[in-house]
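Please take a look at the structure below before reading on. The text after it is meant for a reader who has not seen this structure before.

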Amino acid sequence: MTRLLLIGPPGAGKGTQAVRLSAACGIPAISTGDIFRANVAEETELGLKAKEFMDAGKYVPDSLTNDLVRSRLLEADVEGGFLLDGYPRTTAQVDELDDILAAGGHGDGLDAVVLLVADSDEIVARLTKRAAEQGRSDDTENVIRHRLDVYEEQTAPLIDVYTARELVVTVDGLGSVDDVTERITQALEARGIVLSHA
Ligand code: ADP
């Protein structure tokens with residue numbers, strides 16, 4: 001049972017690494033951003049509500065996000081563990097996650113929080129490139145800047161919360177995708193968390 005959380009600014013590479021780590025250890029990666037984008041694409045009620053916030057680079061309100069994660073974490077495939085990408089992002093979401101995990105029999109909660117770091121010049125360069133390749137509607141220059149500000153203001157404080165719980169493992173997100181995966185794997189192993197199929 002491995003319960004991980006990936007945290008870091010937009011463009012640090014969380015989504016890319018989440019997919020690889022989840023494949024390596026056979027636990028589902030749960031990305032709130034991906035879930036919201038799928039809902040937007042399918043024009044569900046949730047998607048229609050979330051879209052205006054996402055396009056403006058704002059966080060989707062906790063009232064929508066918390067319910068989504070609560071029901072996802074009740075699904076059978078998370079019994080062996082999970083990797084959260086992009087949630088929690090606010091201190092209120094941390095409280096909610098604590099509550100969800102306690103209620104779901106996950107004991108004292110997470111095993112580690114991987115903080116993926118990258119400097120802001122690299123981030124803007126990566127997101128601008130992704131905008132050209134994928135056309136994500138929140139990857140325009142103004143919206144990228146706003147997302148970075150929102151991250152600093154609302155999500156960076158979570159690092160202190162999880163540091164106080166001695167859960168944070170900081171990993172440099174620069175370099176090749178393989179290098180970063182290797183760094184994360186080794187940093188977790190140093191804490192006694194081995195990412196391999198059960
Ligand atoms: P990035 O990390 O590059 O910003 P994500 O795919 O994680 O990309 O998130 C895209 C958008 O989805 C966010 O800007 C926000 O609007 C919404 N979102 C994702 N996760 C959350 C969350 N936990 N709380 C609120 N909004 C969220």
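The model is predicted. In soluble globular proteins, nonpolar side chains tend to be buried together. Here the largest nonpolar core has 30 residues. Those with the most contacts inside this core are Leu5, Leu73, Phe82, Leu97, Leu110 and Tyr162. Several elements each give two or more residues to the core: strands S1 (2-7), S3 and S4 (112-117), together with helices H3 (45-55), H4 (62-72), H5, H7 (141-155) and H8 (157-164). H5 provides the largest share, four residues.

Leaving out residues up to four places away in sequence, Phe82 touches Thr2, Arg3, Leu4, Ile27, Pro28, Ile30, Leu73, Leu101, His106 and Leu110. There is also a second, separate core of 19 residues, with Leu4, Leu6, Leu116 and Leu188 among them.

Charged side chains form another set of links. A search of the whole structure gives 17 salt bridges. One of them joins Arg20 to Asp178, with the closest N and O atoms 2.9 Å apart. Arg20 lies in helix H1 (residues 14-25) and Asp178 in helix H9 (residues 177-189), so this pair ties together parts that are 158 residues apart in sequence. Arg20 is partly exposed, at 33% relative accessible area.

Another salt bridge pairs Arg72 with Asp77, where the closest N and O atoms are 2.8 Å apart. Which of these two counts as buried, and which as partly exposed? Arg72 has 16% relative accessibility and counts as buried, because the limit for buried is under 20%. Asp77, at 39%, counts as partly exposed.

The side chains of Glu122 and Arg126 form a salt bridge with an N to O distance of 2.8 Å. Both residues belong to helix H6 (residues 120-134) and are four residues apart, about one turn of the helix. Glu122 is partly exposed, with a relative accessible area of 31%, and Arg126 is partly exposed as well, at 23%. Elsewhere, salt bridges with shared partners connect Arg130, Arg136, Asp138, Asp139 and Arg147 into one network.

An unreviewed UniProt entry gives the feature "binding site" at Thr32, Arg37, Lys58, Tyr59, Val60, Gly86, Tyr87, Pro88, Arg89, Gln93, Arg136 and Arg147. These positions are spread over 116 residues of sequence, and also in space, with up to 24.8 Å between C-alpha atoms. Of these residues, Tyr59, Gly86, Tyr87, Pro88 and Arg89 are included in the lining of the largest cavity.

Two of the annotated positions can be looked at in more detail. Arg37 is in helix H2 (residues 32-41) and is partly exposed, with a relative accessible area of 29%. Not counting residues up to four places away in sequence, Arg37 touches Met54 and Arg136. Pro88, by contrast, is buried, with a relative accessible area of 2%. Pro88 sits in the loop between strand S3 (81-85) and helix H5 (91-103). With neighbours within four places in sequence set aside, Pro88 is in contact with Leu5, Gln93, Val94, Leu97, Leu158 and Tyr162. Among these contacts, Leu5, Leu97 and Tyr162 lead back to the largest nonpolar core.

Conventions: Residues numbered from 1 in each chain as written. Predicted model: local features only at pLDDT ≥ 70, side-chain atom pairs only at ≥ 80, totals over all residues. Heavy atoms only, no water. Salt bridge = Lys/Arg side-chain N within 4 Å of Asp/Glu carboxyl O. Buried < 20%, exposed > 50% of the residue type's maximum accessible area, 1.4 Å probe, protein only. UniProt positions renumbered as here; feature names shortened; annotations may be inferred. 1 Å grid on protein atoms, 1.4 Å probe; cavity = no way out; pocket = protein on both sides within 12 Å on 5 of 7 lines; lining within 4 Å. Contact = heavy atoms within 4.5 Å. Core = buried A, V, L, I, M, F, W, Y, C linked by side-chain atoms within 4.5 Å.
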